[in-house]
Every structure is written in C-alpha cells, then in structure tokens.
Protein chains: 2
Amino acid sequence: MLPESQRGSLGVVLVSPRNPLNIGAAARAMANFGFQRLSVVAPFEPTWREARSAVGAPELLVNALESATLAEAVAGCTLVVGTGTLTYRKAEQRVVALPDLAPLVTRELACGGRVALVFGPEKHGLTREDLSYCHLLVEIPTDPQQPSMNLGQAVAVCLYELIRSSDSASESTPATPASSITSAASSGRLDLLAGVIEEAMQAAGYSPRGMQEANRHDLRLLLRRLSLSTHDTRRILGLFRRILWRLNRLGH
Amino acid sequence: MLPESQRGSLGVVLVSPRNPLNIGAAARAMANFGFQRLSVVAPFEPTWREARSAVGAPELLVNALESATLAEAVAGCTLVVGTGTLTYRKAEQRVVALPDLAPLVTRELACGGRVALVFGPEKHGLTREDLSYCHLLVEIPTDPQQPSMNLGQAVAVCLYELIRSSDSASESTPATPASSITSAASSGRLDLLAGVIEEAMQAAGYSPRGMQEANRHDLRLLLRRLSLSTHDTRRILGLFRRILWRLNRLGH
C-alpha cells in the first residue's frame, strides 16, 4: 500500500462531470482506497451542487477544489496522468497499461512529486486539448467490444490498481524530497515556461498567426515529454526571458 | 488475460440487489471486461424489471438468469467465491485478499471448473447463510475508515483483478477438462450429498431437532472445506445412501 503521507500527494481530477451520481461514486471510491484530494474542473453547476449536498457525501467531496481550467487544477502537479480509451484517437504522448502504472506513480510520489489522475466527462472523455496537459496516458485493459467504462467504476479500478501493487516499491524508496536538480517541474511551471517561449516565438516572427494554436499544443506536449526538472525549467525560462527581452528591444 | 473460452465459465451472481442503477453498473463492468454470465438471486421485482428494460442495457443483462435461491444459482459451480468486508463478522472459511484471487480462479477454470463470484445486497452484504455456500471469501483491501464499496464498483474492481493478472497462469495450463477423480464437485452435488447426510443424521437420532439448522450450516461449510472431487462425492453419497437405507429399515 502507498503510505498515507504519499496518498495525500495524489489527486483525482474530474473534468466537467455531468452526472451527480458519478461524482458521488468517484468520491466514494477515493474514500474506500484512502485518497483525499479531489478537484473538479468546470463542473455543470446544478450537478455539482447536487453531488456535494447529497446525504452522506464523503468529507472529501465537500472539501473538493473547483477550478475553471484543467491547467489550473494540475498546476502544482509534477506528473499528470490522463485516462481513457484510445479507440477513437491516437495518443500524442506515452501510453501505459493500467497494470504498469503503479511503479511510475510510486516513484514520483517517493521523490516528493505530486500526481494527478485526470478523468474526462462521461460522454466523450478528455479532449485533445485536455490530453496535452498530460505527461502520460493510462489505458484500462477493457474489451474492444465495450471499451468505455462508467466514470465511477473507472476511478475505482484505477485507484485499486495504485493501492494493490505499490507495496514493495513504496517501502524500498524513502520519501525524501528531491533537490531542484532532480525533482520534476510542476505543470504550472511548464505552463509559465511555455508562455515565455511562445512570446519569444512571436517576437521572433517564428510562424504565422494561424499556426499559433497548433504550436501551443505541440509545445505543451514537448515540454511534458522532456521530463524537465525544476532546475532545468528555471534555466530555460531564464534563457527565453533573456531572448524575449532582446527581441523586444531590437524590435523597437 | 483469461482466454475467452474460460471467461465464459465465470459467472457473477448478485444476491437481492435493490438498486437498478447498481445492477446496470455491474452488467456494464462485466461487458467492459469481457464476461457474459450474470445471475440474479431473489431480485426485488420492480428493480429488476427497471434494470433489464433500461435503454442501452447490455445483452448480458437481458439474458441474465434469475433464481430463487443462491444454492440454485451456484449449483453448477465448482468454486464459489463470496465478496464483502469482514468488519462486522468472522469468516467461517478461507479468506483471500483480492490481489491473490486470480491464480485460484485461473487454476479452477483451467481444470474445466466453473466459478461464481457472489455479491450481496447493497445494505448489508451477504448473510451468514449465503456465505455458507462459498468455498472462500475474497476481501477488497479497502480503507478501514470506509470499507464498504458501492456494488457496481466492487464488481468492476474484482473483474479487473481477474483479467489483469491471469496472463501467465492461464497460458501455462492447458484448459483440458479433468477426470472425475480430480475435478471438483459442483455446489449442487455437495448440496445433494449434504441432504442425504442430514437425513442419515436424523434417522440415526444424531442430534436434537433444535440443532438441525446449525448442523446444516456447519455441514455445508465442512463439505466445501474438504475440496471433494466429483468422484469422492459420488462415493460418499453412495455410502450415506446405504447407511440411510439401513437405518430406515431397522427403524421400522
């Protein structure tokens, strides 16, 4: 099992859930497996109110964080894991089968990182934009004839996997916070860096305006693929700020 | 993964489910993980009708078997696995943690046996009487502060465990039906045997009438603990039939 201190560093993020029963079921599964941090992104307000005020709603649901965007919800996380089936889309980042997820999560938590497990809306799952905030995708090995799981059940199965198999891994690695040279950069830091790089691109006339959205998307994925440490991120940020300053000065 | 032929020999049994949404969720999890055989014992009729006629109900729900008693539902099974938490009761048979269940199930299926995974009603789970039909109990490793899982989520987590880890075990053992000397006796055969033994007990004046119910319960557990083969069961049945005949003849 994950030690309790580490379970506190793993959060579940529900993006725009539509059904209050599913929100309640997700929260219950979290309580069943000893997790506490729930965030909800851009919920449908009546649904959200109903789920929170349900009789017997677990405390973690009452204390859940609400945010307008996924970027905001995962800003403090060093490993963002998207969930869903890949039947209708091609992954743009690493894909891991659920039975292989636990060691990655355990390692991240043992180094003092923060992990988010992100679930999309019931109907269509996470969008391509949502997925671009994810370092990796996890796939539940479902039957190809009926691949899509109910939200509450998907949360239960993923959390069960994390507590079932993290026995040995978590005990062998002490949970000492890593230095900034080795600790992974948070999602928020990566977004900050991406913003400065994008400004520099524009200032340098790197590509036509019509390409901005596509470039932003690819940059987000690239930065997550690189597994940058906090230290790396700070250095690259410094470099691009300098470049940007120079470009702006020259441009005037 | 369990080969498809073997998944057909594993059934899910829901005892007196009360909530149509839970029945639907259980059926959906079965479809997600490629299982087909669903039985429902003594369902609350309006609930059962509603669940079956729900829009988009999976085929396996429409084809589910209905029976009046658990004994009937598992009569053809050679390994009956009960589920639930043991917070409020003491187990009378072997208890296995869910992560350790798969090898047992895989072995049974590989020998040509039939397995039932039995889930109790939402409120209080399986009764002591229900549990006496189970060869073993499986426990999902939930948090002691919130041990009780939602029915649909419990089904999802158990089935996920069975498909996640049966990779190697199922491939190494060919699925040849065992001979009656080694193949496990079905639950129905054990009940038949128990009935004859009980008659013999009565005919022999073994214990006062007031003890009949308790004896029946203990006998059911005992026969399951012995892991009798079909062959054993037939021999013991022959023996007790002979004893019974003799007792009855002498009694007249």
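The legends below describe several close-up views of a predicted model. Local features require pLDDT of at least 70 and side-chain atom pairs count only at pLDDT 80 or more, while totals for chains, interfaces and linings use all residues. Residues are numbered from 1 along each chain as its sequence is written, and chains are lettered from A and ligands numbered from 1 in the order in which they are written.

**View 1. Helices α10 and α12 of chain A pack against each other.** Helices here are DSSP runs (H or I, at least four residues), numbered from the N terminus. The axes of α10(A), residues 187-203, and α12(A), residues 230-251, lie 9 Å apart at an angle of about 25 degrees; axes are lines fitted to C-alpha atoms over the stretch in contact, and angles run from 0 to 180 degrees between N-to-C directions. The two helices are therefore roughly parallel, a term for angles under 35 degrees. Their crossing is left-handed, meaning that the near helix is turned anticlockwise from the far one by less than a right angle. Among the residues making the contact are A:L193, A:V196 and A:I197 of α10(A) and A:I236, A:F240 and A:L244 of α12(A); two residues are in contact if their C-beta atoms, placed from the backbone, lie within 7 Å. By class, the contact has 13 nonpolar, 4 polar and 3 charged residues (Ala, Val, Leu, Ile, Met, Phe, Trp, Tyr, Cys and Pro are nonpolar; Asp, Glu, Lys and Arg are charged; the others, Gly among them, are polar).

**View 2. A:F240 is a residue of helix α12 of chain A.** A:F240 has 19 other C-beta atoms within 10 Å and is therefore partly exposed; a residue is buried with 20 or more such atoms, exposed with 12 or fewer, and partly exposed in between. Leaving aside residues up to four places away in sequence, A:F240 touches A:V196, A:I197 and A:A200. A:G195 is 45 residues from A:F240 along the chain, with 10.0 Å between their C-alpha atoms.

**View 3. Helix α6 of chain A comprises residues 101-110.** Of its 10 residues, 7 are buried, so the helix is largely enclosed by the rest of the structure. The buried residues are A:L101, A:A102, A:V105, A:T106, A:E108, A:L109 and A:A110. Just after α6(A), A:G112 takes a positive phi of about 90 degrees.

**View 4. Chain B meets chain A.** On each side, 22 residues are in contact with the other chain. The elements of chain B that give two or more residues to its side are α2 (20-32) and α8 (151-164). The largest share, 7 residues, comes from α8(B). This side of chain B divides into 12 nonpolar, 7 polar and 3 charged residues.

**View 5. The largest nonpolar core has 134 residues.** Such a core is a set of buried Ala, Val, Leu, Ile, Met, Phe, Trp, Tyr and Cys residues joined through C-beta atoms within 7 Å. The residues with the most contacts inside it are A:V13, A:V118, A:L159, B:V13, B:V118 and B:L159. Apart from residues up to four places away in sequence, A:L159 touches A:A29, A:M30, A:F33 and A:F35.

**View 6. B:R7 belongs to helix α1 (residues 4-7) of chain B.** B:R7 counts as buried because 22 C-beta neighbours lie inside 10 Å. Its contacts, not counting residues up to four places away in sequence, are B:L2, B:G34 and B:F35. From B:R7 to B:L109 the C-alpha distance is 8.4 Å, although the two are 102 residues apart in sequence.

Methods: Parallel < 35°, antiparallel > 145°, perpendicular 65-115°, else oblique.
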